[in-house]
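Try each task on your own before reading the worked solution.

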Amino acid sequence: MINAFVIVAIFTYLLMLSAFYFRHIRRIHVPVMVAVMVFDCCVPFYLFLTRDWKARLIESGDILSFAVWMHFGLVITLYFIYALQIQTARMLLKGSDNEVRAEHGGQGKAILIVRALVILTGAMLIDPELAESGSGSIMME
Ligand code: HEM
């Protein structure tokens, strides 16, 4: 199942992949990564404001489903690695050694994997019955 928001999320993933590829060009790498991280921090607020979360999670009983908790766990993991990545990034900007560089590189790969899984599990959670205008979107009169 796919909706407009998943397409936007996949687009930001491709953007992150290109910033990963251009990791040695700081003027590309840093602003794109910061922008994608800010986007990811705004997503929960956006979904909360635009979706009927009560119908989607409480009334449907999905709040107790494995899929919802797996998705939630992956999101928390992603934010956690982001915090670590920002720390090593700040050290690199101050001019750190190869050890920090390797750490930042390793964490970067983990971010790409976890973020792909976040988008995938999020897309799997779209409810076909509520999907007409997004995943349980609040109907605009
Ligand atoms: C706050 C966001 C970030 C900042 C400020 C930042 C900053 C930097 C800096 C300054 C470098 C060194 C570039 C150079 O060679 O001069 C670097 C390298 C790198 N970054 Fe980031 N980064 C950020 C987020 C990310 C993310 C989210 C990923 C992965 C998805 C990532 C993956 C990498 C990789 C793989 C390298 C190359 C490490 C190596 O040379 O082995 N970065 N980053």
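**Exercise 1. Describe how helix 1 packs against helix 5 in this predicted model.**

Solution. 
- Step 1: Start with the axes. Those of helix 1 and helix 5 approach within 11 Å, and their crossing angle is roughly 170 degrees.
- Step 2: Find the residues that make the contact. Helix 1 supplies Val6, Ala9, Ile10, Tyr13, Met16 and Phe20, while helix 5 supplies Gly108, Leu112, Arg115, Ala116, Ile119 and Ala123.
- Step 3: Sort them by class. The contact of helix 1 with helix 5 has ten nonpolar residues, one polar and one charged.

**Exercise 2. How are helix 4 and helix 5 arranged, and which classes of residue does their contact have?**

Solution. 
- Step 1: The axes of helix 4 and helix 5 come within 9 Å, with a crossing angle of roughly 155 degrees.
- Step 2: Helix 4 and helix 5 are therefore roughly antiparallel to each other.
- Step 3: The crossing in which helix 4 passes helix 5 is left-handed.
- Step 4: The contact of helix 4 with helix 5 has 17 nonpolar, nine polar and three charged residues.

**Exercise 3. Decide for Leu14, Leu15 and Arg56 whether each is buried, partly exposed or exposed.**

Solution. 
- Step 1: Recall the cut-offs: 20 or more other C-beta atoms within 10 Å means buried, 12 or fewer means exposed, and anything in between means partly exposed.
- Step 2: Leu14 is found in helix 1. With 9 other C-beta atoms within 10 Å, Leu14 is exposed. Its C-alpha atom is 14 Å from that of Val114, a residue 100 places away in sequence.
- Step 3: Leu15 also lies in helix 1. Leu15 has 15 C-beta neighbours inside 10 Å, so it counts as partly exposed. Beyond its neighbours within four places in sequence, Leu15 is in contact with Val32 and Val36. Ile81 is 66 residues from Leu15 along the chain, and their C-alpha atoms are separated by 18 Å.
- Step 4: Arg56 sits in helix 3, residues 53–59. Arg56 has 20 C-beta neighbours inside 10 Å and therefore counts as buried. Between Arg56 and Leu125, which are 69 residues apart in sequence, the C-alpha distance is 9.7 Å.

**Exercise 4. Which residues come nearest to the ligand, and which elements give two or more residues to its shell?**

Solution. 
- Step 1: There are 21 residues around the ligand, and Arg23, Met33, Ala89, Gly105 and Gly108 come nearest.
- Step 2: The elements giving two or more residues to the shell are helix 1 (4–21), helix 2 (26–50), helix 4 (66–93) and helix 5 (98–124).
- Step 3: By class, the shell has twelve nonpolar, six polar and three charged residues.

**Exercise 5. Summarise the protein chain as a whole: its elements, its dimensions and its contacts.**

Solution. 
- Step 1: Count the elements. The protein chain has five helices and zero strands, in the order α-α-α-α-α along the sequence.
- Step 2: Take the dimensions. The C-alpha trace spans about 55 × 30 × 20 Å along its principal axes.
- Step 3: Check burial. The protein chain has 141 residues, of which 9% count as buried.
- Step 4: Look at sequence separation. Of the contacts between residues at least 6 apart in sequence, 67% join residues at least 24 apart.

Terms used: Residues numbered from 1 in each chain as written. Predicted model: local features only at pLDDT ≥ 70, side-chain atom pairs only at ≥ 80, totals over all residues. Near = placed C-beta within 6 Å. Helix = DSSP H or I, 4+ residues; strand = E, 2+ residues; numbered from the N terminus. Nonpolar A, V, L, I, M, F, W, Y, C, P; charged D, E, K, R; others polar. Axes fitted to C-alpha atoms, helices over the stretch in contact; angles between N-to-C directions. Parallel < 35°, antiparallel > 145°, perpendicular 65-115°, else oblique. Left-handed = near helix turned anticlockwise from the far one by under 90°. Contact = placed C-beta atoms within 7 Å.
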